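Work through the exercises below with the model open beside you. Try each task before you read its solution.

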Amino acid sequence: MLNRDKLFIGGQWSTPASRETIDVHNAGNGEVLGRIPAAGEKEVDAAVKAARAALEAWSATSPAARADYLQKISDGLKARSEEIAKTIAQEVGMPLKMASRIQAGLPIANFANYAKLVREFKWEDRVGNSVVVRDPVGVVAASTPWNYPLHQITLKLAPALGAGCTVVLKPSEVAPFNAFILAEVMEAAGLPAGVFNLVTGTGQPAGEALVKHPGVDMISFTGSTRAGKRISELAAQSVKRVALELGGKSASVILDDADLAAAVKGTVNGCYLNSGQTCTALTRMLVSEKQYPEAAKLAAEAAKGFTVGDPMAETTRLGPLTSQAQLERVRSYIKKGQQEGAELLAGGADAPEGVPAGGYYVKPTVFGKVKNSMTIAQEEIFGPVLSIIPYKDEEDAIRIANDTVYGLAGAVWSKDESRAQRVARRIRAGQVDVNGGAFNMNAPFGGFKQSGHGREAGVYGLEEFLEYKSLQLKG
Ligand code: NAD
């Protein structure tokens with residue numbers, strides 16, 4: 001059991017006043033993996049006060065000193081990367097090999113990258129008679145989801161600490177054990193007391209207590225659009241800065257001159273990554289009416305190649321969903337797709353065969369002849385469910401791609417790179433891959449529309465945690 005009974009507040013592992021706990025489940029078999037404290041207002045208050053007390057001294061350290069800490073944290077995570085990958089493979093259900101590369105690998109790389117960026121960043125400049133300095137925004141409350149748990153924590157903590165902010169983290173109660181490992185790494189790195197604090201608990205009361213706390217200057221939130229709206233309302237009461245990374249319903253536009261096989265394969269992979277529990281998942285595949293029959297055949301074949309199973313098994317390509325709630329939600333969307341008249345080309349709502357009992361497994365599913373007005377094309381499913389939507393021409397494809405309340409990501413495929421770029425520029429989303437272009441950790445990441453506001457990653461992510469201040473000089 002991975003039980004934890006203490007919170008990290010003010011540089012100490014302290015026993016919470018509340019005796020309440022939360023069960024965390026193993027996605028692969030449904031068993032209880034361990035328990036964590038369910039913090040309440042009292043613990044949140046102690047954590048914010050510790051962060052507040054540490055702010056002045058931490059914000060006065062040099063960027064180079066802060067960069068050294070970030071590098072030490074990266075090294076500390078690297079030393080424990082196997083344990084991190086195994087923990088997240090159990091909490092989230094991502095196949096272990098992939099979890100080592102993505103779930104453990106990205107945080108190590110991002111902490112190291114921020115060490116470099118903080119060293120190189122231009123902390124002040126001159127405009128006429130003014131010196132413009134960058135100040136840390138203050139005490140940051142970071143609230144994160146479970147799908148890429150340590151990566152999403154890192155994209156907040158590394159730049160916030162690098163900027164000179166102090167932090168209270170409330171990780172997802174669904175996948176929290178990785179955050180405890182990070183807290184131990186921070187402690188071992190010798191980070192001054194109160195600069196980083198960890199409280200665990202549910203959205204209500206712990207999350208809301210943190211968002212409402214008068215000692216917090218900024219909320220950096222990643223999670224559902226539903227929670228993002230609630231957090232915005234609460235934060236408005238004291239005019240806190242809010243950065244929101246929310247959901248998505250991203251389109252992969254396959255233009256009629258694309259390498260169809262490569263584009264379909266890339267889209268299916270982009271849809272099923274982490275069992276579809278990826279905010280940038282390419283869940284709507286847009287193909288020209290002429291190519292629809294061939295694209296449908298290729299997508300169904302690709303889906304059947306995803307072996308569903310135990311995340312710890314070498315042969316698994318598609319792990320379970322993360323929780324029972326997710327399983328029920330995804331199955332109900334698959335049924336909804338059938339009821340609304342989409343054509344089921346692969347998978348379905350019934351349980352896959354040959355998987356470990358008790359786990360949250362679902363079949364890789366493909367729907368054809370989907371209309372963009374259908375529920376499965378409009379709502380974020382967060383499971384391995386692809387919708388293929390035929391379009392008439394390029395203009396129609398762009399219209400469909402943008403016909404969503406979301407705007408997080410997208411993809412465009414064409415043999416003509418300039419045509420692909422032209423279409424990509426017209427998609428209202430924060431990140432659009434062209435012909436399978438690789439993920440870039442220095443490029444800005446974030447949403448348009450109801451996918452949120454603010455940007456993470458690279459220098460853009462660092463600027464989120466800074467305030468500009470102008471000093472008007474006389475001479
Ligand atoms: P969620 O919104 O339920 O929870 C996210 C975090 O917020 C958790 O720590 C939760 O305890 C907390 N929370 C929930 N309600 C709260 C409230 N009222 N006040 C304060 N805190 C609250 O989301 P989830 O189910 O953990 O994650 C899945 C969602 O996250 C999906 O919609 C997905 O698209 C989105 N997501 C977005 C990105 C991105 O960068 N845009 C990345 C990953 C996930």
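The exercises that follow use a predicted model.

**Exercise 1. Decide whether strand 17 is enclosed or open, and check each of its faces.**

Step 1. Find strand 17 at residues 409-413.
Step 2. Recall the pattern to look for: in a regular strand, side chains alternate between the two faces of the sheet.
Step 3. Take one side. Ala 409, Ala 411 and Trp 413 lie there, and they are buried.
Step 4. Turn to the other side. Gly 410 and Val 412 are buried as well.
Step 5. Conclude. Five of the five residues are buried, so strand 17 is largely enclosed by the rest of the structure.

**Exercise 2. Find the strands joined to strand 17, and follow the chain onward from strand 17.**

Step 1. Look at strand 12, residues 251-254. Four bridges join it to strand 17, and the two run parallel.
Step 2. Look at strand 18, residues 431-434. It is joined to strand 17 by four bridges, again in parallel.
Step 3. Here Gly 410 stands opposite Val 432 of strand 18.
Step 4. From strand 17 the chain passes through helix 14 (residues 417-425) to strand 18, making a right-handed β-α-β crossover.

**Exercise 3. Work out whether Ala 303 is buried or exposed, and list its contacts beyond its sequence neighbours.**

Step 1. Locate Ala 303 in helix 10, residues 292-304.
Step 2. Apply the cut-off: buried means under 20% relative accessible area. Ala 303 has 0% relative accessibility, so it counts as buried.
Step 3. Leave aside neighbours within four places in sequence. Ala 303 then contacts Val 268, Tyr 272, Ala 346, Pro 364 and Val 366.
Step 4. Compare chain and space. Leu 345 is 42 residues from Ala 303 along the chain, and their C-alpha atoms are 9.4 Å apart.

**Exercise 4. Describe how helix 1 packs on helix 7.**

Step 1. Find helix 1 at residues 41-59 and helix 7 at residues 203-212.
Step 2. The angle is about 35° and the axes are 9 Å apart. The crossing is right-handed.
Step 3. Name the contact residues. Helix 1 supplies Glu 41, Val 44 and Val 48, and helix 7 supplies Ala 206, Ala 209 and Leu 210.
Step 4. Sort them: five are nonpolar, none polar and one charged.

**Exercise 5. State how enclosed helix 13 is, and name elements that cover it.**

Step 1. Count. In helix 13 (residues 394-402), seven of the nine residues are buried, so the helix is largely enclosed.
Step 2. Name some of them: Glu 394, Asp 396 and Ile 398 are among the buried residues.
Step 3. Find the cover, which includes strand 12, strand 13, strand 16 and helix 14.

Definitions and conventions. Residues numbered from 1 in each chain as written. Predicted model: local features only at pLDDT ≥ 70, side-chain atom pairs only at ≥ 80, totals over all residues. Heavy atoms only, no water. Buried < 20%, exposed > 50% of the residue type's maximum accessible area, 1.4 Å probe, protein only. Pairing = 2+ DSSP bridges. Right-handed = clockwise from strand over helix to strand, strands pointing away. Contact = heavy atoms within 4.5 Å. Axes fitted to C-alpha atoms, helices over the stretch in contact; angles between N-to-C directions. Left-handed = near helix turned anticlockwise from the far one by under 90°. Nonpolar A, V, L, I, M, F, W, Y, C, P; charged D, E, K, R; others polar.
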